[in-house]
Amino acid sequence: TPPPNHLQQTEYDYSRKHILRRILEKADGRDRVDGNPRIEAAARLVEPLVKNGSAVADIGCGIGIVAERLGKRFPGAQIIGVDISPCNIEYARRTI
């Protein structure tokens with residue numbers, strides 16, 4: 001298929017942003033699911049390195065699932081989530 005022209009791309013971008021905004025408006029964290037193998041592996045890898053009082057940066061945190069898990073397990077640690085997507089960060093702020 002040919003690539004979309006500028007107008008189609010603009011409409012696609014607008015639609016995508018509109019959909020993400022609607023999702024964020026309803027975000028309450030109930031859609032988080034435990035058991036994702038990649039997330040479980042990441043958490044198992046990092047958890048032995050974290051202690052209360054330490055600072056951890058979760059680079060590419062997405063919607064903050066691993067950062068949230070670390071924060072709950074180590075309430076005395078400072079967990080900072082960083083992601084390139086403002087929508088992911090906004091979602092994490094609303095649901096954690």
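Which side chain does the side chain of Arg-73 make a polar contact with? It is that of Glu-47, at 2.6 Å. A polar contact is a pair of N or O atoms within 3.5 Å; within protein, one must be able to donate a hydrogen and the other to accept it, and residues adjacent in sequence count only if both atoms are side-chain atoms.

A word on the source. This is a predicted model: local features need pLDDT of at least 70, side-chain atom pairs count only at pLDDT 80 or more, and totals for chains, interfaces and linings use all residues. Residues are numbered from 1 along each chain as its sequence is written, and side-chain values use heavy atoms, with hydrogens and water left out.

Back to our pair. Arg-73 and Glu-47 also meet in a salt bridge, 2.6 Å from N to O. That term means a side-chain nitrogen of Lys or Arg within 4 Å of a carboxyl oxygen of Asp or Glu. Arg-73 lies in helix H3 and Glu-47 in the loop between H2 and E1, so the pair ties together parts 26 residues apart in sequence. Helices (H or I, at least four residues) and strands (E, at least two) are DSSP runs, numbered from the N terminus.

Glu-47 has another partner. Arg-69 forms a salt bridge with Glu-47, with the closest N and O atoms 3.0 Å apart. Glu-40, Glu-47, Arg-69 and Arg-73 are linked in a network of salt bridges.

Is Glu-47 buried or exposed? Glu-47 counts as buried, at 10% relative accessibility. Arg-73 is partly exposed, at 49%, and so is Arg-69, at 28%. The cut-offs: buried is under 20% relative accessible area, exposed over 50%, partly exposed in between (1.4 Å probe, protein chains only).

Glu-68 and Lys-72 meet at 3.4 Å, N to O. They are four residues apart in H3, which means about one helical turn.

Now the strands. E1 covers residues 55–59. E2 covers residues 78–82, and the two run parallel, joined by five bridges. Strands pair if DSSP finds at least two bridges between them. Ala-57 stands opposite Ile-80 in E2.

Where do the side chains of E1 point? They alternate. Ile-59 is exposed, at 64%.
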